[in-house]
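Hi,

Here is the structure I promised to pass on. Have a look at it first, and then read my notes below.

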Amino acid sequence: MQHFIDSLSFNMIIIRIEPSDDTASPCARIIRVNRSATEFLGYSEQELLNQSFEKILATQKERTLWQTALAKMNNNLANSYFEGEIITRAQHKIQVSLSISPLLDPPSNNKQAVVLIQVIMSDNNCYMMNKVVEQSASAVMITDPTGRIDYVNPKFTELTGYTADELLGQNPKILQSGNMSSEHYQTMWQTLLASGEWRGEIQNQKKNGEVYWAYENVSAIKNSAGEITHFLAVEEDITRRKEVESALSESEERFRQMAEITGEWLWEQDPDGYYTYSSSAVNQILGFSMDEVIGKHYTEFLTPQDKASLQPYSAIHQPFYALLNHYRHKDGHQVLTESTGLPIIDVNGKLLKWRGVDRDITARKHFQDALIESEKRTRLIIESALSAIVIMDSYGIITDWNHQAEKMFGWSRSEAIDQRLQDLIIPPRFRKAHQKGLQHFLHTGIGPLLNQVIEHVAIRKNGSEFPVELSISPLKLGNAYIFSGFIHDITHRKRLEHRFRQAVESAPNAIVMVNQSGIIEMVNSQTETSFGYLRTELIGQPVEMLVPERFRTAHIGYRQAYLATPVSRPMGVGQDLYGLRKDGTEFPVEIGLSLIDNEEEVLVMSTIIEITARKAAEQQIRQAQVSLAIAQNEIRIAQQIQATLSPSAPIKSDDFEVTGFCLPADKVGGDYFDYFFRNEAQLDMVIADVSGHSIGPALFMVETRSAMRAQTNLLATPAETLGVLNSFLFNDLDQSDYFITLFYLQVDINKHQVRFANAGHPPPLLLSRSQQKLKELDTEGLILGVKKEVVFEEKTTILAKGDLILFYTDGIIEAENQNKEFFGLGRVKAVLLQKAHEPPQIIIDSLLAALQQFCQRTSFDDDITLMIFKCR
């Protein structure tokens, strides 16, 4: 091949087009070059091989044209042509034309093309072009704009069988096979005229009538004015390929039809396990269409447990047969298939693909599993039954004996099988009757004890007898019978029945059982005690004899209504019920009704409880509730009174604003705050805390307020006021074990001066707005009620604009959270400093919000009182 290329007289270079990171600019490398080209360029062949073609392009202009031509050819496999300069090894620039033609069947996966380099000279263009076309391996035809054939090359005459003389001047229609639609030709010409080129497959007819297929590339040739002067058609004979494709298509169609007929899912996978073919049966089996399957990995359709377990089969490249697969149907349910797969391997041992078939065995597998499961379940039911299950044939021979029978009778299964039933479990005194009954049924088909539940006596291996409940059912198989017996040991039940009779008899309440007619069937001993009758006097009598005469008619109606809707419930809900003793006295009762429904009759069991003592207790409770209601009403009155004692609204003026708030720990509290004008220039403020809370402290708070307000018209100082209050309240406080803390403050509005005294109360906080500092207002003084004669210290201070005073009780600083931490004075000060610029009510609200957030609750163990005075 290289010798042939070297023999060519024109400059030819073969390139390989490789993709690059920039998909818009593919890379072209020289892989072959003929001797003419190496001599023309001045390079040796080795210097050019594997080099980028752009190495011989002179300027960026040629490189740009090259990339454009290369991209065009790479995208649509069309020939490309452009003119420019190349540069030789000696750095000589030569004007050339470059023709790029794709190789249709490259030996590798990379695209390849032929580049012809022709020096632009006025005397050799036509000659070289003619040689290229004449020697081309492709059939070439040129027509004029009307479609009349002007030229065909030797390959074209070889392909069609016509000579050049027979074709020249003819219309290409003489080559039409008649098998292509007119719409096809119309579309071809519309595309050609619109874009200047058309390519595609076309079926033509040779001179001898033989039909052939060609891949045709038609281009419009234009002059410098852009007018079409000719049409160039290049054809490649693809008849053989089409025949192979047709045969393959027919084979595939036949294969597909067979696949459809069998109803089995036929498939092919690439070496990595991705489906390349799927028969339509996949839709019937898995619910997916063929398009949904092709391109997907086979594990995508498997259940999670199969994904891991079946993965190795694709790697070992060995056939597999009847492999059980668990697929997921498109709707989510599981599908079971029996899968067979065959690896397709080439002569070199390389895996080409997998081919296989899946057969849906879901229904069969489910049926088999259900049958096996049914047998297992039947055996399991028999073995796990609480009753002994014994099966015997018509000769009385045991054929089956479950685990419960082993436990109940003491005979193992191996010991019991093939033994006579009567010899193992029937006491000797009943065996003759059993044998007689069996023979009677076999001769007549009548068995009085069959198909019903009866109680009987059975015998164990050790000879001990015990009560049983059994049912025997005959089943005819062919001409013979088998008998299945279900036997339940009722020893425990019999024992419980005996205990029940004992429990009823010894019950602390009267129990009376009557039938549907209201006749007494049974009573216990407590009934005799409660009503004074003997048992023999009650049995057989109407139950109404135990009901006072005035209620008897209604009682009959109640009894009949209960039988119509019998549920366990109390009798006479919402009514007072009474019983009647034999001596004629009545007593209050409570009656519970229960229905006992057995196969023989329906009975109503009445449980009668004497509630004389409970009625008396209920009367005492009602009296206590009345007393409690009175007390609660008194507390409400105390609340209302206490609410009226505190200021009803803040006091606001141009000089100051004062407001307060009290949160009692109970219904009423022992905290107290007040503010009032002693005269036009003096405002008095007081905050107090009586030890404890509820009614007692609240009363002392009222007394304190009254004593304090009584001094309103006196010109008393805070210290004097505290002295008078201590003397006035001492006796009361001393006798009641209460004490009071109290802080008293007077404001001279005109002078902005405050005077204050303290009786053991937490000192208020004075916040200086100018200094942003907090100061405690405290003086010496005992709490009220400890000592009768006390001298209280008094202090004064001056207030500035914006200063504020916070009065508080210890309820806020001693409030605890869940971790037993106190809210503390530090948190009070922090909120006060942060909110000092706000009005007094907002400061109080902020303190309460911070307290509730800290304690995570809204109620507290002690009363909380806050009062704020703020200068304006």
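Predicted model: local features only at pLDDT ≥ 70, side-chain atom pairs only at ≥ 80, totals over all residues.

In which strand does Ile 221 lie? That would be β9 (residues 211-222), where helices (H or I, at least four residues) and strands (E, at least two) are DSSP runs numbered from the N terminus.

Residues are numbered from 1 along each chain as its sequence is written, and side-chain values use heavy atoms, with hydrogens and water left out.

Ile 221 counts as partly exposed because its relative accessibility is 32%; buried means under 20% relative accessible area, exposed over 50%, and partly exposed in between (1.4 Å probe, protein chains only). Leaving aside neighbours within four places in sequence, Ile 221 is in contact (heavy atoms within 4.5 Å) with Glu 227, Ile 228, Thr 229, His 230 and Leu 232.

Ile 142 itself belongs to strand β6 (residues 139-143). Not counting residues up to four places away in sequence, Ile 142 touches Arg 148, Ile 149, Asp 150, Tyr 151, His 230, Phe 231 and Leu 232. Its C-alpha atom is 6.4 Å from that of Val 152, 10 residues apart along the chain.

Now the cores. A nonpolar core here is a set of buried Ala, Val, Leu, Ile, Met, Phe, Trp, Tyr and Cys residues joined through side-chain atoms within 4.5 Å. The largest one has 25 residues, and Ile 13, Ile 15, Phe 53 and Trp 66 have the most contacts inside it. At least two residues of this core come from each of β1 (11-18), β2 (27-33), α2 (35-41), α4 (60-76), β3 (80-87), β4 (93-102) and β5 (111-119). The top contributor is α4, with four residues. As for Phe 53, its contacts, not counting residues up to four places away in sequence, are Ile 13, Ile 15, Ala 28, Ile 30, Trp 66, Leu 98 and Val 115. Apart from this core lies another, of 24 residues, with Leu 806, Tyr 808, Ile 813 and Leu 847 among them.

Next, a strand that is mostly covered: in β16 (residues 388-393), six of six residues are buried. On one side those are Ala 388, Val 390 and Met 392, and on the other Ile 389, Ile 391 and Asp 393. Two strands pair if DSSP finds at least two bridges between them. β16 pairs with β20 (residues 480-489) in the antiparallel sense over six bridges, and Asp 393 stands opposite Ile 482 there. β16 also pairs with β17 (residues 398-401), again antiparallel, over three bridges, with Asp 400 as the bridge partner of Ile 391. β16 and β17 make a hairpin with four residues between them, and Gly 396 in the turn has a positive phi of about 85°.

Then there is helix α27 (residues 824-834), whose buried residues are Gly 824, Val 828, Val 831 and Leu 832. These are on the same side of α27, because they cover an arc of only 135° around the axis (the arc is that of the directions from the helix axis to the C-beta atoms). The face turned away from the buried side carries the exposed residues Gly 826 and Gln 834. Among what covers the buried residues of α27 are β36 (804-808), α26 (810-813) and α28 (840-855).

Ala 322 is not a glycine, yet has a positive phi of about 50°; its place is in strand β13 (residues 320-328). Asp 418, also not a glycine, has a positive phi of about 75° and lies in the loop between α16 (413-416) and α17 (421-425). With 58% relative accessibility, Asp 418 counts as exposed.

Cheers
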